[in-house]
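Reader: I'd like to learn how to read a fold like this one. Can you walk me through it?

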Amino acid sequence: MKKVLTIAGSDSSGGAGIQADLKAFSAQGVFGMSVITAVTAQNTQGVLAVQDIEPEIIAKQIEAIFEDIEVDAVKIGMVSRPVTIHTIAAKLRQYQAVNVVVDPVMVSKSGYHLLQPEAEAALVQELLPLAALVTPNIPEAEVIAGMTIHNLTDMEEAARRIHRLGAACVLVKGGHLPDDATDILYDGSHFEYLAAKRIATKNTHGTGCTLSSAIAANLGKGCTVTEAVKRAKAYITIAIEHSLAIGKGVGPTHHFY
Ligand code: PLP
């Protein structure tokens, strides 16, 4: 069985973060492992508090895994602060991690800064060069590329700029634009358009986490980036179609096994 690692934050409500990642890994038929960067006190209505994990413990978690187990792919999610990013980047370079998917998580749907604004530069400088794929949504792509995005042409330009920052491939997710949710995948030479119908639901908590984890799982299984993204997009579309009205706020996506 392929072994896939998530390096991300814990979501106590189970819809996003580490919990979503591990569910997505199981659903994709890979063995999931986790390095926890931060513990969030969170529910479907918002984030109440965050406790960042000390860098020494983050480094030890990564060491514990890589010294013992072959890691077929890595997904990186919530990384909070610069010291967390330095620690992760140094360890992944040391162990020459492969198939690294970076989900540049910045602000939760409820508006909480899961990445400190002063950590944005470190994320770009240290994590993008390690990434086989980076998966920004529109607001994240705007921050990383330093531009405003109104349409598909802007998304292409943002993908070019983000590729130049060091990511091997870039998936700009179009869900924040009006109309249907078209994502653009760029590998440095070709653009691939991935279209999907917009699904009428408010229950989309953890969609970004789930998508990036499903991509990492499929890269770990040996798929090309394009094939991994297509399979993960098909999975997240069904997971959103069947999302759960749990809690009083934005409910989670449904993982199918
Ligand atoms: N909480 C954690 C720990 C996360 O890693 C993420 C990832 O994006 C979120 C919350 C965001 O959740 P939402 O999909 O509601 O923006």
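Author: We'll go from the whole chain to a helix, a loop residue and the ligand shell. Keep in mind that this is a predicted model.

Reader: What does the radius of gyration say about the chain?

Author: You set it against what a compact globule would have: for 257 residues that is near 18 Å, and the chain has 16 Å, which agrees. The fold holds eight helices and nine strands, and 51% of the residues count as buried.

Reader: Which residues are buried in helix H4?

Author: General idea to begin with: an α-helix has 3.6 residues a turn, so residues three or four places apart point the same way. In H4 (residues 120–127), the buried ones are Leu123, Val124, Glu126 and Leu127. They pack against strands S4 and S5 and helices H3 and H5.

Reader: Now a loop. Is Ile149 buried or exposed?

Author: For that, count neighbours; 20 or more other C-beta atoms within 10 Å makes a residue buried. Ile149 is buried because it has 22. This residue sits in the loop between H5 and helix H6, and its contacts include Ile138, Ala141 and Met155.

Reader: And the ligand: which residues come nearest?

Author: Start with the shell, then ask who supplies it. Of the 19 residues around the ligand, Gly9, Ala16, Gly17, Met78 and Lys109 come nearest. Strands S1 and S2 and helix H7 each give at least two shell residues.

Notes: Residues are numbered from 1 along each chain as its sequence is written. This is a predicted model: local features need pLDDT of at least 70, side-chain atom pairs count only at pLDDT 80 or more; totals for chains, interfaces and linings use all residues. A residue is near a molecule or strand if its C-beta atom, placed from the backbone, lies within 6 Å of it. Helices (H or I, at least four residues) and strands (E, at least two) are DSSP runs, numbered from the N terminus. A residue is buried if 20 or more other C-beta atoms lie within 10 Å of its own, exposed if 12 or fewer, and partly exposed in between; C-beta atoms are placed from the backbone. Two residues are in contact if their C-beta atoms, placed from the backbone, lie within 7 Å. The radius of gyration is taken over C-alpha atoms; the globule rule is 2.2 Å times the number of residues to the power 0.38.
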